[in-house]
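Take a look at this protein chain. Some questions and answers about the model follow the display.

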Amino acid sequence: MREEEVEKLRGVVRDCVSKHLYSSAIFFADKVAAFTSDPADIYMQAQALFLGRHYRRAFHLLNASQIVFRDLRFRYLAAKCLEELKEWDQCLLMLGDAKVDEHGAGCDTKNAMYLDKDGEDHEINISSAVCFLRGKAYEALENRAQAREWYKAAIKADPLCYEALECLIENHMLTCDEETSLVSSLQFTPEDEWLSSFYSCLIKKYDKENVVEAKFKELEREIGNTNTPSELSFTCSLKNNTDLLACKAEYYHQCGEYEKCFRVTSELLEKDPFHMKCTLVHLAAAMELGQSNELYLMACNLVKDYPQRALSWFAVGCYYYCIKKYDQSHRYFSKATTVDGTFPPAWIGYGNAYAAQEEGDQAMLAYRTAARLFPGLKLDVLLFQVPFTYSVHWDGIHENP
């Protein structure tokens, strides 16, 4: 078969993938790999198998190739297959031995070959993706200290690896100062400076009102193109971006401006009713304002749409807490921790429900669990106020039980 005919088939595979026709992609990728035996085409076939959820077959194809331990992309994709199969120890073995050095660097990719025939100029560094996958494997194995180091290594290797920062923030793996230090240490290109400001808005906002508000204004400011008269002029702004609005709502909540927070989250959820971060902040604001009807409606919709998410059962717990049915409340907060033990609000809600019944020992146990699992969580700033706080001795939260 002529090269142009093979290239046409490669185009068919790419088009099938873009249209989510994965069986077709697998069929044609298999034929291209058979025609050429080119490592790049074998990799394309493995990608099609992975996207079609044939994880065992994709792993076998990659592992059987002679190049898997010499090319980082092959090894990474093989490890991704093992991730999907929840074989975490094997996933780490596939990625190979590595340690985070004193500068926070993790993976060495000097000998990695580039196989992606359609790679973009601005792609995520493969070493960053590898570091992130190591972090996920360690977190799944409940080694949160190692997970934290590898997530930090991932975002340092490439600031565009947002998922690594998201895990560090959402799981409260870093203190407020550590988050600030990490973001300030990232090396952004001049065109990505806006991302530095956005990351600064994502991290914890305690005692940083002036800094955070300045960052919000910077991101909301309209930016125009004034390079040359011949270029089309345009302006752009993130003022109405849902992620930025969710950050702003979270900021208002942390400042105690619950009504303003509730207004922002209500408007945002009108536009994007399935924005999970906004949903969580909306629930917290509704709790503070005693909006039991809103909590009931949110809980019903979440349980219907996302029965496997901890957030849904957390919402049910919030509703019962709001109407002062604390027994049912801690039952559903407990269910949320069972669904996802790494969901911080559920542990706080669980402790709050016991504190509301003046069961200080049980509340302390929940708070101490949260302090152990989420070292960056500021436990004296809860999602909602705790009745009968005199029964909880905050100074003992971070002590070993």
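Q: What is the mean pLDDT of the protein chain?
A: This is a predicted model, where local features need pLDDT of at least 70, side-chain atom pairs count only at pLDDT 80 or more, and totals for chains, interfaces and linings use all residues. Residues are numbered from 1 along each chain as its sequence is written, and side-chain values use heavy atoms, with hydrogens and water left out. pLDDT is the predictor's confidence in each residue, from 0 to 100. In the protein chain 85% of residues reach 70 or more, and the mean is 87.

Q: How many contacts beyond four places in sequence does the model have for residues 381-395?
A: Contact means heavy atoms within 4.5 Å. Over residues 109-120 pLDDT stays under 50, and the model has 27 contacts beyond four places in sequence there. Over residues 381-395 pLDDT also stays under 50, and the number of such contacts is 45.

Q: How many helices and strands does the protein chain have?
A: Helices (H or I, at least four residues) and strands (E, at least two) are DSSP runs, numbered from the N terminus. For the protein chain, the tally is 20 helices and 2 strands.

Q: What share of the residues of the protein chain count as buried?
A: Buried means under 20% relative accessible area, exposed over 50%, and partly exposed in between (1.4 Å probe, protein chains only). The protein chain has 401 residues, and the buried share is 48%.

Q: How much of the accessible surface of the protein chain belongs to carbon and sulfur atoms?
A: Areas come from the Shrake-Rupley method with a 1.4 Å probe; for residues, only the protein chains shown count as cover. The accessible surface of the protein chain is about 21100 Å², and the part belonging to carbon and sulfur atoms is 49%.

Q: Are α15 and α17 roughly parallel or roughly antiparallel to each other?
A: Axes are lines fitted to C-alpha atoms, for helices over the stretch in contact, and angles run from 0 to 180 degrees between N-to-C directions. Helix α15 (residues 276-289) packs against helix α17 (residues 310-322) at about 10°, with the axes 10 Å apart. Angles under 35 degrees count as roughly parallel, over 145 as roughly antiparallel, 65 to 115 as roughly perpendicular and the rest as oblique. So α15 and α17 are roughly parallel.

Q: How do the residues of the contact of α15 with α17 divide into nonpolar, polar and charged?
A: From α15 come Met 276, Thr 279, Leu 280, Leu 283 and Met 287; they meet Leu 311, Phe 314, Ala 315, Cys 318, Tyr 321 and Cys 322 in α17. Ala, Val, Leu, Ile, Met, Phe, Trp, Tyr, Cys and Pro count as nonpolar, Asp, Glu, Lys and Arg as charged, and the others, Gly among them, as polar. The division is 10 nonpolar, 1 polar and no charged.

Q: Is Met 173 buried or exposed?
A: Met 173 sits in the loop between α9 and α10. Its contacts, not counting residues up to four places away in sequence, include Tyr 151, Cys 167 and Pro 375. Leu 377 is 204 residues away in sequence, yet its C-alpha is 7.9 Å from that of Met 173. With a relative accessible area of 2%, Met 173 is buried.

Q: What is the relative accessible area of Asn 171?
A: Asn 171 is in the loop between α9 (162-170) and α10 (176-185). Not counting residues up to four places away in sequence, it touches Glu 139, Arg 144, Glu 166, Thr 342, Leu 373 and Phe 374. Asn 171 is buried, at 10%.

Q: Is Arg 75 buried or exposed?
A: Arg 75 belongs to helix α5 (residues 72-84). Beyond its neighbours within four places in sequence, it is in contact with Val 68, Phe 69, Met 94 and Leu 95. Its relative accessibility is 17%, so Arg 75 is buried.

Q: What is the phi of Arg 53?
A: Most residues other than glycine have a negative phi. Arg 53 lies in the loop between α3 (39-51) and α4 (55-64). It counts as exposed at 66% relative accessibility. Its phi is positive, near 65°.

Q: Which loop holds Lys 324?
A: Lys 324 is not a glycine, but has a positive phi of about 65°. It is exposed, at 61% relative accessibility. Its place is the loop between α17 and α18 (326-339).
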